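I opened the notebook to look up one ligand site. The entries follow the order in which I checked things.

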Amino acid sequence: MKQLEAVIFDLDGVITDSAHFHYLAWKQLAADINIEIDEAFNETLKGISRMDSLDLILAKGGREQDFTLAEKEELAAKKNAHYVELLEDLSPADILPGIASLLEAIRTAGLKIALASVSKNAPMVLAALGLTDSFDYLADAAKITHSKPDPEIFLVAAAGLGVAPENAVGIEDAQAGVEAIKSAGMKAIGVGTGLIGADELVSDTSELTLAIIQKVFHL
Ligand code: B16
Ligand code: MG
């Protein structure tokens, strides 16, 4: 029987604003190899894995043939080191508005909570925010072969909770993420503007409530 059993969260842009740090780190890396990216281009990187993001940046600069695989791995590692450095001061104060109380309300209601982030840094980010124990399951980004908009990470998160995808609601701030949730057969709540295909949109995380999640599930 169809019954709401779980809520599956994206990380960057939903739990904390690490998307901004990804942007700063990619912008610097791109500048190092004479490619310029702006915030609008960065939108297309949200939910995209590290290597796929690098490929998109190289394609933007017309440099997709200029680096060997080993060189690309080096570039990706350099971006990641900078990203991790930018996260150094991350603390519970960086949890986006309303998220801590929402996680509590979901758990109190007896629902399960999972994280569907393709970031390999996700466990470290959650720990810095003091939120590790708020999640019942973290999908392992290292085992994912397709980043969003492929549904894989959301399906792995639901399976990890032992919940059928149709009994879960997903929350995302990126277009690729909303598409991933819908392809996984879940109801989707989008955070932000201009997201196409979400079952419900809120303008920011402070508007997310258990009541909205329940309403969306029964649409
Ligand atoms: P990392 P999400 C994604 O996380 C980010 O949106 C994306 O910008 C990033 O490139 C990707 O994780 C990989 O992250 O380099 O830390 O492994 O949106 O799925 O939470
Ligand atoms: Mg996101």
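This is a predicted model: local features need pLDDT of at least 70, side-chain atom pairs count only at pLDDT 80 or more; totals for chains, interfaces and linings use all residues.

Below are my notes on the ligand, its shell and the annotated sites.

Residues are numbered from 1 along each chain as written, chains are lettered from A and ligands numbered from 1 in written order, and side-chain values use heavy atoms, without hydrogens and water.

Shell. I looked up the residues around ligand 1 (a heavy atom within 4 Å). There are 17, and R50, S117, S119, K120 and N121 come nearest. By class I found four nonpolar, six polar and seven charged residues. Domain 1 (6–16 + 94–217) and domain 2 (19–89) each supply at least three residues to this shell.

Polar contacts (N or O pairs within 3.5 Å). An oxygen atom of ligand 1 is 2.7 Å from a side-chain N or O atom of S117. For D10, the side-chain N or O atom is 2.9 Å from an oxygen atom of the ligand. At G47, a polar backbone atom is 2.8 Å from a ligand oxygen atom.

Annotation. I checked UniProt next: its unreviewed entry places "binding site" at D10, D12, E172 and D173. These residues span 164 residues in sequence, yet no two of their C-alpha atoms are more than 8.7 Å apart, so they gather at one spot.

Technical notes
A polar contact is a pair of N or O atoms within 3.5 Å; within protein, one must be able to donate a hydrogen and the other to accept it, and residues adjacent in sequence count only if both atoms are side-chain atoms. Ala, Val, Leu, Ile, Met, Phe, Trp, Tyr, Cys and Pro count as nonpolar, Asp, Glu, Lys and Arg as charged, and the others, Gly among them, as polar. Domain bounds come from an automatic or database domain assignment. UniProt positions are given in the numbering used here, feature names are shortened, and annotations may be inferred rather than shown by experiment.
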